[in-house]
Amino acid sequence: MTEISRRSALRAGAGAAVAGVFAAGCSGGAPATAPAPDEARPARSPSARARPPAPLHAPAPLAFAGQPVQIGNGPRDRPRVALTFHGQGDPAIAKSVLSEAERAGARITVLAVGTWLDEHPEMARKILDGGHDLGNHTLHHTSISAMGEQEAYAEITGCADRLRRLTGSIGTWFRPSRTQNATPLVQRLAARAGYPHVLSYDTDSLDYTSPGTAAVVRNVTGAVRSGSVVSMHFGYRDTVAALPAILDALDRRGLHAVTTTELLTS
């Protein structure tokens, strides 16, 4: 059995378990309880179970030569994609997303909301311990494009301060709240706060609209291609249920789910 076939078989079993948990209401928009315990799921291979040691300090933002200030995708000539998640909502669902990704050997990027980190500070370390990127999605997740300079800067630095306190770093990425693209003002403020780039995306799962598991899968797989940055969210049951099928589809296309840092690194 090839490595891709082995991972696809593993993920198919995991997806079936998740589907069973959410069969009663996959199209609902309210945060749901966590999926069934891991005992009900296929055992992970030794490589999938392995976790990197917790870093003493989280990585800092990097400046990528040749990339614009606002990044919507990575290189199109390498078979990599970045699944990015807005970090907010029920931590049990967030942990289920992380488990599904790690079960498949995938790495993701989490843009955390500062107030969410206040409520669930343990999530910062859990994300980093899984080998994922952790970044900044503002303090309160309100419309940053509508704010004046002082308020917008406080939203960026407020979340950065929480990340630094929890991890020793302001996080690897900044993504503006309630918008796909940052205004020129927000780009300048992000740079002032220490973020050389603003992270956008080119593929929107629309999972936050709770359209149903199949729709989330279609939204991602119908648009994703090499170099894509995909927008997804913690806190929605459709996202957890859709993730195994999304990762399986990426495998079949020979696309690897990596962190955004890895996406842009040669």
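Val240 lies in helix H9 of the predicted model, where helices (H or I, at least four residues) and strands (E, at least two) are DSSP runs, numbered from the N terminus. At 1% relative accessibility, this residue counts as buried; buried means under 20% relative accessible area, exposed over 50%, and partly exposed in between (1.4 Å probe, protein chains only). Val240 and Ile93 stand 147 residues apart in sequence, yet their C-alpha atoms are 7.4 Å apart in space. Residues are numbered from 1 along each chain as its sequence is written. The model being predicted, local features need pLDDT of at least 70 and side-chain atom pairs count only at pLDDT 80 or more, while totals for chains, interfaces and linings use all residues; side-chain values use heavy atoms, with hydrogens and water left out.

The chain has a mean pLDDT of 85, with 79% of its residues at 70 or more; pLDDT is the predictor's confidence in each residue, from 0 to 100. Over residues 1-56 the pLDDT is below 50, and this stretch has 86 contacts in the model beyond near neighbours in sequence, a contact meaning heavy atoms within 4.5 Å. The secondary structure comprises 10 helices and eight strands. Of the 266 residues of the chain, 53% count as buried. Among contacts between residues at least 6 apart in sequence, 82% join residues at least 24 apart. The accessible surface of the chain is about 10,800 Å², and carbon and sulfur atoms account for 55% of this area. Accessible areas come from the Shrake-Rupley method with a 1.4 Å probe; for residues, only the protein chains shown count as cover.

Four aromatic pairs are present in the model. Rings of Phe, Tyr and Trp (its six-membered ring) pair if their centres lie within 6.5 Å; planes under 30 degrees apart count as stacked, over 60 as edge-to-face and the rest as tilted. Trp116 and Phe234 form a tilted pair, with 6.0 Å from centre to centre and 55° between the planes. Trp116 belongs to helix H4 (residues 114-119) and Phe234 to the loop between strand E7 (229-233) and helix H9 (237-252), so the pair ties together parts that are 118 residues apart in sequence. Both Trp116 and Phe234 are buried. Together with Phe85, Trp116 and Phe234 form one aromatic cluster. Another ring, that of Tyr153, has the charged end of Arg192 sitting over it, 4.8 Å from the ring centre. For this assignment, NZ of Lys or CZ of Arg must be within 6 Å of the ring centre and within 35 degrees of the ring normal.

In helix H5 (residues 122-129), the buried residues are Met123, Ala124, Ile127 and Leu128. They cover an arc of only 135° around the axis, which puts them on the same side of H5; the arc is that of the directions from the helix axis to the C-beta atoms. An α-helix has 3.6 residues a turn, so residues three or four places apart point the same way. The cover over the buried residues of H5 includes helix H3 (91-103), strand E3 (109-112), H4, strand E4 (133-136) and helix H6 (149-167). Within H5, Ala124 has a relative accessibility of 1%. Residues up to four places away in sequence aside, Ala124 touches Leu117, Leu134, Leu166 and Thr167. The C-alpha atoms of Ala124 and Leu163 are 7.7 Å apart, the two residues being 39 residues apart in sequence.

Just after H5, Gly131 takes a positive phi of about 85°. Most residues other than glycine have a negative phi. Thr138 is buried, with a relative accessible area of 0%. His141 lies in the loop between E4 and H6 and has a positive phi of about 60° although it is not a glycine. At 11% relative accessibility, His141 counts as buried.

Leu255 is located in the loop between H9 and strand E8 (256-258) and is buried, with a relative accessible area of 6%. Leaving out residues up to four places away in sequence, Leu255 touches Pro79, Arg80, Val81, Arg225, Ser226 and Leu250. Leu255 and Arg78 are 177 residues apart along the chain, and their C-alpha atoms are separated by 8.6 Å.
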